[in-house]
Amino acid sequence: MAHDTEVLVLGGGSTGCGIARDLAMRGLEVTLVERGNLTDGTTGRMHGLLHSGGRYAVSDQASAVECIEENEILREIAGHCVELTGGLFVQRPEDPDDYFREKLEGCRDCDIPARVLSGREAREVEPYLAKDVKRAIQVPDGAVDPFRLCVANAIDAENYGARIETHAEVIDLLRDGDDIYGVTVRHDSGPGKHTHKTPGTTEDITAEYVVNATGAWAGQIGAMADLDVEVRPSKGVMTIMNVRQVDTVINRCRPKGDADIIVPHETTAILGTTDEEVSDPDDYPEEKWEVDMMIDTLSELVPILEEARTIRSFWGVRPLYEPPGRGTKDPTDITRDFFLLDHAERDGVSGMSSIVGGKFTTYRAMAEEISNHVCDQLGVRASCATAKEALPGSENLAVLEEGMDDFGLRSPIARRSKQRLGSRSQEVLETDDPNPVVCQCEGVTRAEVQDAIEQSGSDLNAVRIRTRASMGNCQGGFCCANMANELHPEYDEETTREALDELFQERWKGERHALWGEQLSQAMLNYALHATTMNRDNDPASRTEGVDYGVFDSGAQTASPARSDGGKRTDGGDRADGSRSSSDLRSDGGER
Amino acid sequence: MAITDDVLVIGGGIAGATAALAAAGEGADVRLVTHKQSTLRNASGLIDVLGYTHEGEGPIVDPLERLEELPKGHPYERVGAEAVRDALSFFDAVAGDAYAGSHTDSNALVPTHGGTVKPTARYPVSTAAGLASDPKDTLLVGFETLTDFDAPLAASHLEAAGAPFSARGVTLQFPGIVRDDAKLTRYAHLLDHEESVSTGSGDRSAREALASIVKPHLEGESRVGFPALLGDEHAAEVRADLAESLGADVFEVPMGPPSLPGMRLEDLLYDALEDAGVRVTSGVPVVGYEIDEAGAIDHVLVDRHGQEIPHEASQYVLATGGLVGKGVRSERDRVFEPIFDCYVPHADDRYDWFVNDVFGEQPYARFGLVPDRELRPLGADEEPEFANLRAAGAVLGGYDYAAEKSGAGVSLATGYVAGGRAGAEASE
């Protein structure tokens, strides 16, 4: 039987996109389907830490070794998504000495470069550390932009011929007896790029082999074919600060605990996190105590956080898994390792494997292992090349940086744009047309926004994750509408309006959790700008009942030769006090 | 000896300026102190009175007629409909030729940069020719380098909003603008000062050059709308020249920040303050106060270059703005008024300060002081916090100016009443 594709990957997070790239590079025909945007699941909701492995150096040394290996690979193949911030494991006076020693030994056992700094030396690196910190271990942690890294994998998969379908939700697995041979998806707006307001269709996509890489949602997919995949989704909060209080990843050096990491990320710093098992990865409480804990507990390490401005909080759901029978109570104790569940071996149902567990830093290694498994199933003998070949945007970075001009942009903007685009800068930024800044907070220009629209269609949240537009201090208050303007005329007015409303609501979702101090003032300003001047809350275009324009003030009109259509006036009778009004018009030259 | 006046107004937005003018009108010696740059540069320059009821019904045709329906505690309910009408007349007299709309009680529908229309009671004269409630075919002109106004999109949006005329939009390159990130004031300056710009056909004045690139796009429309950048000091001349060259009326579409019409309104108010003899000190925060034996405010302390200078008055008006202007502030567990610590009602749990729909009924949008009918802020015990303190504008709570489109109107009405009463009492 002829199939639509050789391998069908479910899920557009880092794992799914990594697998799609890997298999496409090995010459397989790949289709990837994702329910929302790329990174919409867990990938887009992580703290952005590129692990050195230090965090696992005591509890899980196998993971630690894998982390440092992948850390080094990502610096090579994804330089434009990674920032080499370095990291510190900071010990406070009340934190155990034994653990500090174990951490240091663990790092050395795992070949993680580690150096002990005194409290004073640590504060020289990070001046805002608390005055009483005891000492620290310096490790090569980094920051990574999960959005751009994931999108770069997807772009490269497409370059190798893969089909990437976003906004395509799997609504059924196609199963024939004990064989799974594809899925039914519901396209939000039809195949291809997303367009708001376009009616959806459904499509059956058949494949030689299906890879379920939906992470925390893997159980829901499994259930469609009566397979039990026991993921234990666990939520965690991330709180974003308006500036980088620290330029180094700051970890608390104690056995385990919530609120123990600060990751500098682009213009912000991200505080994390909590670890609470939830029953539904799409519906769980986002709670005030979690946000408060980030600020209160991490202020012990960096006291200025207490008074600093928080711009939003978001939650992610870890796709934790443990093999049946272990029964770990506390999700913090569940392994971060990943598991490949071959449903043929496990359940006697062929044609599909599920991937659960794992972590972002090692997505590539996971993808490699899973791709090896898929190749075995399909009898393909091709080896993995993803560790060697740079991702789009990271080719020849060093050479390019020397040769790149500023594309007519002011230097701070050009620098930011080039950091985001890497080696794609030339291709994206070189234009003969005016290239004004669309998002002031993040310095995102029209050319970048247009490049993102080109990739993803009318979904402004997809534009946001590709460019960082609307992700700065004002949280889109000043630029959401400007971003929407960029959709026109390629997309019509109604589509543009729908996309704007969706983006503005999405920004509010995270801002709600930062509503005090400066950010509450910002929220009021954003609300006022959109509701007051733009009337976004009562736009007659979005309401069913029409407006009778004829009953409103149509101006203080007097007979005027320039107004050839004065006769159309519907309200002339009301205009009794012409004297002052006509003098108004004269004085401003309006009456000719 | 302390600096002494009859009335001290704290805050320099619409409410503070109106209060100072009204107090001066009562014959009082008035001083106005402001700390931060006023939020008028964020404002469209439109004078909204009431566009929608507190229940979201609208657009309202006659705002004054609908004031009766507002709930108890709303600032308009506090001052009464008659005072709102008087305050508008007061503004009309102050604004003179610069504003239009006083010929009728009806709201106008004004197209703004987002493309749709909004109801407003008074509008800058630069906007007068562009009313959406005036059925004339319209050409909108946008510029490549201004990302917050897309004229073709705004034109289709107006049609989608049911505007009773045909609208078209065109996007052009502004002559003489060489940097893609030129500030809005640069565009206005070029037109204001008739700078010479180079065009394909040699050097021309900026107004001529602009008109000449727009003219070929006119297809019989009787009016042409531009984003609000048509000059600053010489705005009327700029519009007149463009209109003459184009043979059509010319108007400005109100924009987001930085808003020239908002800044022009600020200039207008400050000119009026000067004419009225109000002493204005800018850039100075009020950092403390002392009370007299009777519990009234004796004097406030104003921080002038690090020195705390006492300012004494018999009456005080607090017009420091709401959350945006920082007249109302918040921390994780409280909302407060920072100068006099006047009572600001709010839920204890900050997760009750908002609702999940961004445009839902937002409790935070209603944060502010609770006044009596004299506009004296009340404490939790419902007694005036101080016998000689009144409050005006967005520092007051109990209304959502963004949803109602009532911001400028409330500031005018409460500023007028608070300032008038303070002035009258002080001059007694």
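Predicted model: local features only at pLDDT ≥ 70, side-chain atom pairs only at ≥ 80, totals over all residues.
**Entry 1: where the chains meet**

I began with the contact between the two chains, which takes 78 residues from chain B and 68 residues from chain A.

Which elements of chain B give two or more residues to the side that touches chain A? I listed β4 (108–111), β5 (117–120), α4 (151–160), α7 (235–246), β17 (329–331) and α9 (401–404) of chain B. The top giver on this side is α7(B), with six residues. I then sorted the side of chain B that touches chain A by class, and got 34 nonpolar, 26 polar and 18 charged residues.

**Entry 2: a hairpin in chain B**

Two names from that list, β4(B) and β5(B), turned out to form a hairpin, with five residues between them. In the turn I found B:Gly115, which has a positive phi of about 105°.

Next I asked which way the residues of β4(B) point. B:Ala108 and B:Val110 point one way, while B:Leu109 and B:Pro111 point the other way.

**Entry 3: a glycine in chain A**

I moved to chain A and looked up A:Gly357, which is found in strand β20 (residues 352–357). Why does A:Gly357 count as buried? I counted 23 C-beta neighbours inside 10 Å, and a residue is buried if 20 or more lie within that distance, so A:Gly357 passes the cut-off.

A:Phe338 is 19 residues from A:Gly357 in sequence, yet their C-alpha atoms are 4.1 Å apart in space. Leaving aside neighbours within four places in sequence, I found A:Gly357 in contact with several residues, among them A:Pro319, A:Tyr321, A:Arg336 and A:Phe338.

**Entry 4: the domains of chain A**

The domain assignment of chain A gives me three domains. Domain 1 covers 5–42 + 147–230 + 337–378, domain 2 covers 82–141 + 234–318, and domain 3 covers 431–541.

How far apart do the C-alpha centres of domain 2 and domain 3 of chain A lie? They lie 30 Å apart. The contact between these domains takes 11 residues from domain 2 and 12 residues from domain 3. Strand β18 (residues 310–321) gives the most to the domain 2 side, with five residues. By class, that side of domain 2 has three nonpolar, four polar and four charged residues.

How values were computed
Residues numbered from 1 in each chain as written. Chains lettered and ligands numbered in written order. Domains from an automatic or database assignment. Contact = placed C-beta atoms within 7 Å. Helix = DSSP H or I, 4+ residues; strand = E, 2+ residues; numbered from the N terminus. Nonpolar A, V, L, I, M, F, W, Y, C, P; charged D, E, K, R; others polar. Buried ≥ 20, exposed ≤ 12 C-beta atoms within 10 Å, placed from the backbone. Pairing = 2+ DSSP bridges.
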